[in-house]
Amino acid sequence: MGKGRVFGHVGAVAVPLGAGVLLHLWGTWSMRSAPGVPTALAVLVGLVLAGLAAAAHDALFREGGSVLALVLLLAGLGAVWIEARDARVRPETVRCVVVGKVRVTDHPTFGEGAPDAKRLYHHTLDCPGGRPKDFAWEERLGEAGKPVEIAYDPAGRMDPVPASENVARGSLAVPAVLLLLSTALSVAALAAEGTERRVW
């Protein structure tokens with residue numbers, strides 16, 4: 001195996017996995033960092049990283065490579081971004097007191113197969129530091145005078161939630177499988193170059 005083919009095989013492994021790691025690092029940092037990176041900028045940088053990964057992947061092949069590998073690469077990077085979003089937790093927890101009467105609003109949905117109507121309970125809170133001031137949730141947290149613990153993001157990137165709900169829900173399993181499949185197909189496509197075999 002020549003140096004060019006070795007470089008190609010190393011790239012076929014490094015591009016999907018390296019891009020996945022970089023995108024995950026960027027996603028988690030931009031969504032949790034103290035400076036509060038604007039969402040539009042975070043998404044734009046994520047799209048640029050995905051585009052660079054796709055271009056680097058395409059550059060590995062002389063005969064076009066595997067279209068399915070490229071699709072899996074982009075799907076895997078999208079799944080990485082979703083996982084980074086779902087792995088977020090609010091960095092601050094504060095003990096507040098419910099003030100005044102809890103207001104209830106109903107939000108109906110329309111059309112066949114639509115989800116059930118949603119009922120929201122709007123609480124006015126007295127919190128140290130004054131934040132958060134208003135809090136809407138699908139359950140009543142308590143009447144006036146009851147203490148409640150609320151988790152919130154001082155940068156305002158996420159809505160506040162009860163402290164008990166402030167848990168990471170992301171999973172790396174799906175993006176890892178997609179990126180590993182992309183890697184395997186890319187390696188197979190490189191091995192098939194110059195032969196009659198075609199890898200989709």
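A disulfide is a pair of cysteine sulfur atoms within 2.5 Å, and this definition opens the exercises below. The structure is a predicted model, in which local features need pLDDT of at least 70 and side-chain atom pairs count only at pLDDT 80 or more, while totals for chains, interfaces and linings use all residues. Residues are numbered from 1 along each chain as its sequence is written, and side-chain values use heavy atoms, with hydrogens and water left out.

**Exercise 1. The disulfide**

Find which cysteines form a disulfide, and describe the link and its surroundings.

Solution. A search of the whole structure finds one disulfide. The partners are Cys96 and Cys127, whose sulfur atoms lie 2.0 Å apart, and this distance can be set against the cut-off of 2.5 Å. The link of Cys96 and Cys127 is right-handed, with 110° about the S-S bond. The pair links distant parts of the chain, since Cys96 belongs to strand β1 (residues 92–107) and Cys127 to the loop between β2 (118–126) and β3 (134–137), 31 residues apart. Strands here are DSSP runs of E with at least two residues, helices are runs of H or I with at least four, and both are numbered from the N terminus. For the surroundings, buried means under 20% relative accessible area, exposed over 50%, and partly exposed in between, with a 1.4 Å probe and protein chains only. Cys96 counts as buried at 0% relative accessibility, and Cys127 is buried as well, with a relative accessible area of 8%.

**Exercise 2. The chain as a whole**

State how many helices and strands the chain has, in what pattern they follow, and what share of the residues is buried.

Solution. The chain has four helices and five strands. Along the sequence they are arranged as α-α-α-β-β-β-β-β-α. Of the 200 residues in the chain, 38% are buried. A contact means heavy atoms within 4.5 Å, and among contacts between residues at least 6 apart in sequence, 67% join residues at least 24 apart.

**Exercise 3. The aromatic pairs**

Classify each aromatic pair from the distance of its ring centres and the angle of its planes.

Solution. Rings of Phe, Tyr and Trp (for Trp, its six-membered ring) pair if their centres lie within 6.5 Å; planes under 30 degrees apart count as stacked, over 60 as edge-to-face and the rest as tilted. By this rule the count comes to two aromatic pairs. Trp26 and Trp29 form a tilted pair, at 5.7 Å centre to centre and 35° between the planes. Because Trp26 and Trp29 are three residues apart in helix α1 (residues 3–32), about one helical turn separates them. Trp26 is buried, with a relative accessible area of 19%, whereas Trp29 is partly exposed, with 44%. The rings of Phe135 and Trp137 have centres 5.9 Å apart and planes at 15°, so this pair is stacked. Phe135 counts as buried at 2% relative accessibility, while Trp137 counts as partly exposed at 22%.

**Exercise 4. Asn166**

Locate Asn166, decide whether this residue is buried or exposed, and list which residues it touches.

Solution. Asn166 lies in the loop between β5 (161–162) and α4 (173–192). At 14% relative accessibility, Asn166 counts as buried. Not counting residues up to four places away in sequence, Asn166 touches Val89, Arg90, Ala151 and Val161. A polar atom of the Asn166 side chain lies 2.7 Å from the backbone nitrogen of Arg90.

Key. Polar contact = N/O pair within 3.5 Å; in protein donor to acceptor, adjacent residues only side chain to side chain.
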